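Have a viewer ready and follow along.

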Amino acid sequence: MDNPDFVVLPELALCSYMASNEIFKYADENSKDTSEWSIEIVRKYNIYIGVGYLDFDGEDFYNSYMITSPEGVCGYISISEGETAVFKNGDFGSIIKTPLGNIGVAICYDAKRKHFYNNIHDEKLSMILFPHGCPADPTKQKRRRKY
């Protein structure tokens, strides 16, 4: 594939960035549903896809980002610093290795944090992604869809 198409979706694209407890019902346990969905899409359209989603490991919730190629899931990262009252924070990686090369990913607030730049400092990267979302008010969804 000389010129692959790469579809880049935002932070928390699959569940929407909801500013309510409703977001937790859309959590993906151990990336299973997101992996299956993204593999189906990339194989159907012969593309690469980057997608934000809410992951749940049975104990904690993570604001995560996955990149998938037609060969399968390349990898995923989770936000290291963000809404600490909502998502598990930690010292997570910042690079996803893909057939396109290494891709640095900093979800939302991580793009402003020194640890992201320390993580990628000595790496050869093909691309840097800064997927961001915007909290959605679930009470105003119908109104917002008009505009």
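Predicted model: local features only at pLDDT ≥ 70, side-chain atom pairs only at ≥ 80, totals over all residues.

Residues are numbered from 1 along each chain as its sequence is written, and side-chain values use heavy atoms, with hydrogens and water left out.

**Nonpolar cores**
- The largest nonpolar core has 10 residues, among them Tyr-65, Ile-67, Ile-96, Ile-103 and Leu-129; such a core is a set of buried Ala, Val, Leu, Ile, Met, Phe, Trp, Tyr and Cys residues joined through side-chain atoms within 4.5 Å.
- Strand E4 (61–69) and strand E7 (101–105) are the elements that give this core two or more residues; strands here are DSSP runs of at least two residues, and helices (H or I) of at least four, numbered from the N terminus.
- Cys-15, Tyr-17, Met-18 and Phe-87 are included in a second, separate core of 7 residues.

**Around Thr-98**
- Thr-98 sits in strand E6 (residues 95–98).
- With a relative accessible area of 11%, Thr-98 is buried (buried is under 20%, exposed over 50%, partly exposed in between, using a 1.4 Å probe and protein chains only).
- The Thr-98 side chain reaches the backbone oxygen of Gly-101 at 2.8 Å, and one of its polar atoms lies 2.9 Å from the backbone nitrogen of Leu-100.

**Toward the surface**
- Phe-130, in the loop between strand E8 (127–129) and helix H3 (141–145), counts as partly exposed because its relative accessibility is 41%.

Methods: Polar contact = N/O pair within 3.5 Å; in protein donor to acceptor, adjacent residues only side chain to side chain.
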